[in-house]
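Reader: Here is a structure I would like to understand. Could you take me through the terms used for it?

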Amino acid sequence: MSTAVALSSSLKHNLALGIRFPQNPSFYHRNGPKVSTFRTFTVAMAAINTTPLEICVKASVTTPNKLGDCPFCQRVLLTMEEKHLPYEMKLVDLSNKPEWFLRISPEGKVPVVKFDDKWVPDSDVIAQSLEEKYPDPPLVTPQEKALVGSKIFSTFIGFLKSKDPSDGTEQALLDELSSFNDYIKENGPFINGEKISAADLSVAPKLYHLEIALGHYKKWSIPDTLPYTKSYMKTIFSMDSFMKTRASPDDVIAGWRPKVMG
């Protein structure tokens, strides 16, 4: 098992800010020297006082002691990053799952996060639990927007695995990407408007896999006729939290190889 302790990118930046502001800018004269009261303004104090969350994630198959290519793991790591939570990654070799991992995840799936001495699987459940336990900053996506872009991943997989150019899988993917493009054009830059939310953290890792895997295996890229989808991807992929939690392109390519070749 390989373990890495991480502080969110924004938290590491904020830890440098230990700024003291006057609680009251006025000075008081009470038969003595001038007195000014201060209070310490500490950024992300809740995160500083939080014990790192333990999370089991897929290990890289190309580089030792590096994060692997699971988009569901990245979704959870992104959520922790955006909530400025420290976490401890346990890198798991999914091709040779150790006994300790199978004891806490009998199905052998990642991600798994430890909450209050209980290991919790499933990225949907984990993301919801993180929102409930650490509500600030909020990442909730309104119910009516929560499923935006949710069909892109399955249509991407269908097209990636397809060996028949005329089976309609490419058009199915283009239809979903086009719908997403239209939605972002009217409601963007993110799914919930101006601020990133849980839905973005779910969709973005899948778009990252789509871009790399289809580019490699099919020499295919999102057409320029979908500029809002492309801009959305560029914006999120350039975020510090995303760059810190993404898999290497080589791992993404290796991860999809069995599905393409199978």
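Author: This is a predicted model. Setting aside neighbours within four places in sequence, Thr79 is in contact with Leu130, Leu139 and Leu201.

Reader: What makes these pairs with Thr79 count as contacts?

Author: A contact requires heavy atoms within 4.5 Å. Leu130, Leu139 and Leu201 are listed as contacts of Thr79, so each has heavy atoms within 4.5 Å of that residue.

Reader: Why is Thr79 called buried?

Author: Buried means under 20% relative accessible area. Thr79 has 6% relative accessibility, and therefore counts as buried.

Reader: Where in the secondary structure does Thr79 lie?

Author: Thr79 lies in helix 3, which covers residues 71-82. The protein chain has 11 helices and 7 strands.

Reader: Why does Ala199 count as buried?

Author: The cut-off is again under 20%. Ala199 comes to 7% relative accessibility, so the word buried applies. Ala199 has its place in helix 8, residues 198-217.

Reader: Which residues is Ala199 in contact with, leaving aside its neighbours within four places in sequence?

Author: Ala199 is in contact with Thr141, Lys145, Ala146 and Ile191. As for Leu139, 60 residues from Ala199 along the chain, the two C-alpha atoms are separated by 8.6 Å.

Reader: How many of the contacts in the protein chain between residues at least 6 apart in sequence join residues at least 24 apart?

Author: The share is 70%.

Reader: What part of the protein chain is buried?

Author: Buried residues make up 44% of its 262 residues. The chain exposes about 14400 Å², with 53% of that supplied by carbon and sulfur atoms.

Key
Residues numbered from 1 in each chain as written. Predicted model: local features only at pLDDT ≥ 70, side-chain atom pairs only at ≥ 80, totals over all residues. Heavy atoms only, no water. Helix = DSSP H or I, 4+ residues; strand = E, 2+ residues; numbered from the N terminus. Buried < 20%, exposed > 50% of the residue type's maximum accessible area, 1.4 Å probe, protein only. Areas by Shrake-Rupley, 256 points an atom, 1.4 Å probe, with all protein chains shown as cover.
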